[in-house]
Amino acid sequence: MAQTKVSIPVWSSQWVFIMAAVGSAVGLGNIWKFPYIAGDNGGGAFVLVYLACIVLIGLPILIAEISLGRAGKANPIQAMLNNALANKASKAWAGLGINGVVAGLLILSFYTVIAGLALAYFVKSLQGGFLAMDANEAQALFSSEVASPWVLGFWHSVFMLLTLLIVARGVRAGLEKAINLMMPGLLMILLILLGYATMTGSFGQSVSFMFRADFSQLTWNAVLVAMGHAFFTLSIGLGTMMAYGAYVGRNMSIVQASVWIVVMDTLIAIIAGLIIFSIVFANALEPGAGPGLLFQTLPIAFGQMAGGWFFGSLFFLLVVMAALSSAISLLEPAVSWLEQRGRYSRVQATVLLGALTWFIGLGTVLSFNYWENIYVFGERNIFATLDFLTSSLMLPLGGLLIAVFAAWTWQKSKRAEIVRFSNQFVERLFDISLRYITPFAVLGVFAFNLALGWM
Ligand code: PFF
Ligand code: NA
C-alpha cells in the first residue's frame, strides 16, 4: 500500500472528533440557508422530506465517507488510492478524492465571502449600527456593504485569513484548539437566543410556520432541493469527512459519531429557524425574504427590539463561529493532500492553497457588484455558477461514488474492521441504502440538475 510521507495525526479524543465534525456540518447551511428554503418550500412538508433524506441517504453516506478516510489513513486523494489498491480496484477511484479536494476549495472561495459579510454585520452590530433601523435603511446597509468590491473583498480577506491561521497550525494545535474554543460558545449562544425566542411571544407562530405540513406546496423540485441540501448541510460528498475520518483513532466509534453529527446538525438547523422566525414575526416582518432573510430582515428586527444590540451581536457572532468551523474543514482536504505529498510544509501548503482560493473568491466578490450580470453558465454569474457546479454536480457525484465504493467495491471483511455495527439488521439497512436507495436518489438529483442546467 502506498504510504504518505508525513505521519498522520490522530484526534485526541472521540469527543473532539465529534465536535470537529459537528463544527464542519453546522454552518451557513443551517443558519442562513435552511430557514429560508424551508420557508420557501412549504415548511413542514419540506422539513419532513428533508429529515427522510438525512436519515435514509445522509447518515449512510456520512458513515461510509468517514470510514473510507479511516481505512485509507490519508488525505482524500491518497486515501482513495490506498482503498482502491487494497481492494484490487481501479486507481481511477483517486478521482473521487480529486473531485472532493477541488470542490472543497471552490466552495470555500464563496463561503468566505458570505461568512465575511456576517463578520461585517457582527462588527456593525457591536458598533450599534442597527439601532432604530427601518426597512429602507436595512436595504441601504446591505446594498452599501455589497456594492463596493473593496468592502466585500476586505471582509472576504479577513475571514480567509482567520481560516488560514487555524489550518496552518495543524490538526492538534489548530483545528482542535479552535473547535474546543468555538463549539461550546456556539452552543451557549444558540441556547441563549432560543431562550429569547421563546419569550418573544411569537414562538408558537414560528413553530407552526416551520412545521405546518402543507403538502400542496411540496413540489418535485422541493424534494430535490431537500435532497441537495441534505448533502451540503452534512458536509458529505466532498472529502471533508474523509479527511477528518483519516484522523480517527483505533478505538473511536464512527457510527456513534455519525449519529451525533446528524442529530446535532438537524437540531441546530431547526433551532436556528425557530429563533429567526420568532424574531421576524415578533417584529411583524416578512418571513419569505429568501436569501436576504439574514442580512436584510433580521437587522431591522435587531434595530427595533429591546436589547437588540446585545442579541444582534450575539446572533452574528454565532453565524461567524459556525461558518469558521466549517471553513477550516473545507480547506483541510486540500492542505492535507499538499502537505502529505511531502514537498511543502503545512504552513506553506496552507498559504499556497489559501492564496489561490482567496483569488478565486474575488470572482464571487465581484458577482455582487460589477460582474453581477456577467453570466458564465446559463443565467448564472460567477458566484451562482460556483454554487451550482459544487452543490448540484460535484457534491452528488461524490456522494454517489462514495456509496458505490463502500457498498460494491469495498471487501466486506475489510469494511467490517472499520465500520463496526452493533447488530446485523442495522448493517443490512446501511447496505441497502448505499447499494440501492442512494444511487437511485442521487442519480435522480443529478439528472434533474443536469437537465435544468442545460435546458
Ligand atoms: N456543512 C456546511 C454548512 O452547512 O454550512 C457547509 C459545508 C462544509 C459543506 C464543509 C461541505 C463541506 F465539505
Ligand atoms: Na450544516
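**Exercise 1. Decide whether Ala284 is buried or exposed, and describe its backbone.**

Step 1: Start with the rule. A residue is buried if 20 or more other C-beta atoms lie within 10 Å of its own, exposed if 12 or fewer, and partly exposed in between, with C-beta atoms placed from the backbone.

Step 2: Apply the rule. Ala284 has 10 C-beta neighbours inside 10 Å, so it counts as exposed.

Step 3: Locate the residue. Ala284 sits in the loop between helix 12 (254-282) and helix 13 (293-304). Helices here are DSSP runs of H or I with at least four residues, strands are runs of E with at least two, and both are numbered from the N terminus.

Step 4: Look at the backbone. Ala284 is not a glycine, yet its phi is positive, about 55°. Most residues other than glycine have a negative phi.

A word on the model before you go on: it is predicted, so local features need pLDDT of at least 70 and side-chain atom pairs count only at pLDDT 80 or more, while totals for chains, interfaces and linings use all residues. Residues are numbered from 1 along each chain as its sequence is written, and chains are lettered from A and ligands numbered from 1 in the order in which they are written.

**Exercise 2. Now try Ala132: where is it found, and is it buried or exposed?**

Step 1: Ala132 is found in the loop between helix 5 and helix 6 (135-147).

Step 2: Count its neighbours. There are 9 other C-beta atoms within 10 Å, so Ala132 is exposed.

Step 3: Check phi. The value for Ala132 is positive, near 55°, in a residue other than glycine.

**Exercise 3. Compare the span of helix 2 with its expected value, then describe its surroundings.**

Step 1: Helix 2 covers residues 28-40, which is 13 residues. The expected span is 1.5 Å times one less than the number of residues.

Step 2: Helix 2 has a kink of about 40° at Phe34, shortly before the proline Pro35.

Step 3: Step past the end. Just after helix 2, Gly42 has a positive phi of about 95°.

**Exercise 4. Do the same for helix 10.**

Step 1: The 15 residues of helix 10 should span 21 Å, and its end C-alpha atoms are 22 Å apart, which agrees.

Step 2: Of these 15 residues, 11 are buried, so helix 10 is largely enclosed by the rest of the structure. The buried ones include His229 and Phe232.

Step 3: Ser235 follows helix 10 and has a positive phi, near 60°.

**Exercise 5. Which residues come nearest to ligand 1, and what classes make up its shell?**

Step 1: A residue is near a molecule if its C-beta atom, placed from the backbone, lies within 6 Å of it. Of the 16 residues around ligand 1, Gly27, Gly29, Ser235, Leu238 and Thr240 come nearest.

Step 2: Elements giving two or more residues to this shell include helix 2 and helix 10 (220-234).

Step 3: Sort by class: Ala, Val, Leu, Ile, Met, Phe, Trp, Tyr, Cys and Pro are nonpolar, Asp, Glu, Lys and Arg are charged, and the others, Gly among them, are polar. The shell has 6 nonpolar, 10 polar and no charged residues.

Technical notes:
Bend = angle between axes of the 7 residues up to and from the residue.
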